[in-house]
Amino acid sequence: MNLSTIPFTRLLYNADPYQRQATSSVLAIDGDDVVLSATLCYPEGGGQAADKGWLNGHEITALRREHVQFRQTEYDSSVAVSSVVVHTVPGHDFMVGDVVSSTLDWDWRYANMKMHTLAHLLFIATSEFLAGQGLPVATKGCQIEGRSARFDFRADIAAESLPGIQQRVQELVDSGIDAHVTETTDGIRLWQAAGFVIPCGGTHVRSMQEIDGQVTVRRRRKGSGLTRLYVSHEEPQK
């Protein structure tokens, strides 16, 4: 399968991350790997875990980006703006040209949307703390999956600093503020809330009102000048 000759996949989650079902055409097949004209499914990238779901009832066991195009942002980072998304679907019976129905594992997607938003709030709270200490804000990486998220900050963040950072994250959650995503003319998506602008192509909730429960921030030292912070939240019993 020559992916360089296949049109970039239209990413439906960019237009509406709450969309749960869609139909699209099969553009290419290579064994279990299927490329569609458009996808609901977020492939793993930018620290966020891949979505889960089904094509015509067949489980999607893996998602990946191929033939990725990146753009450099003014925030000293590069982001993927287009790619061919490959769905691995064992046991499928599709043919090129078929129109197939895709369905998201919504509970998994929505949990990741909440956690990705919380990861941004952790970044905001920690950035404010570091700036208040006269320290630069720099990160090494992040991971968002299910019920927790983490950021690696290139700074020594003491344990006694955690209550203040956690309180600030909780304040941002409790504020119920909205978040907005805009797209630049060259395809870079920008998440914006609480006066911060963060280049990000992931999926997020539109309002902090969708995040319930108590926030917890934990810390792990990763060596001199590197601190890993985790954020999670305990949703109330319904």
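**Exercise 1: a strand between two partners**

Strand β2 (residues 21-30) pairs with β3 in the antiparallel sense over 4 bridges. Before going on, note that this is a predicted model, where local features need pLDDT of at least 70, side-chain atom pairs count only at pLDDT 80 or more, and totals for chains, interfaces and linings use all residues. Residues are numbered from 1 along each chain as its sequence is written, and side-chain values use heavy atoms, with hydrogens and water left out.

Solution, step by step:

- Start with the terms: strands (E, at least two residues) and helices (H or I, at least four residues) are DSSP runs numbered from the N terminus, and two strands pair if DSSP finds at least two bridges between them.

Task: are the two faces of β3 covered or open?

Solution, step by step:

- In a regular strand the side chains alternate between the two faces of the sheet.
- In strand β3 (residues 33-36), D33 and V35 lie on one side, with V34 and L36 on the other.
- These four residues are all buried, and both faces are covered. Buried means under 20% relative accessible area, exposed over 50%, and partly exposed in between (1.4 Å probe, protein chains only).

**Exercise 2: the surroundings of H87**

Task: describe where H87 sits and what its side chain meets.

Solution, step by step:

- H87 is found in strand β8 (residues 78-88).
- Its relative accessible area is 0%, so H87 is buried.
- The side chains of H87 and T39 are joined by a polar contact of 2.8 Å. Such a contact is a pair of N or O atoms within 3.5 Å; within protein, one must be able to donate a hydrogen and the other to accept it, and residues adjacent in sequence count only if both atoms are side-chain atoms.
- Not counting residues up to four places away in sequence, H87 touches residues including V34, L36 and L55. Contact means heavy atoms within 4.5 Å.

**Exercise 3: aromatic pairs**

Task: how many aromatic pairs does a search of the whole structure find?

Solution, step by step:

- The search finds 7 aromatic pairs. Rings of Phe, Tyr and Trp (its six-membered ring) pair if their centres lie within 6.5 Å; planes under 30 degrees apart count as stacked, over 60 as edge-to-face and the rest as tilted.
- Y13 and Y42 form an edge-to-face pair, 5.3 Å centre to centre with 65° between the planes.
- Y13 belongs to helix α1 (residues 12-15) and Y42 to the loop between β4 (38-39) and β5 (53-55), so this pair ties together parts that are 29 residues apart in sequence.
- Y13 counts as buried at 4% relative accessibility, and Y42 is buried at 2%.
- W106 and Y110 form a stacked pair, 5.1 Å centre to centre with 15° between the planes. Both lie in helix α2, 4 residues apart, about one turn of the helix.
- W106 counts as buried at 13%, whereas Y110 is partly exposed at 21%.
- Ring pairs also link Y18 with W106 and Y110 into a cluster.
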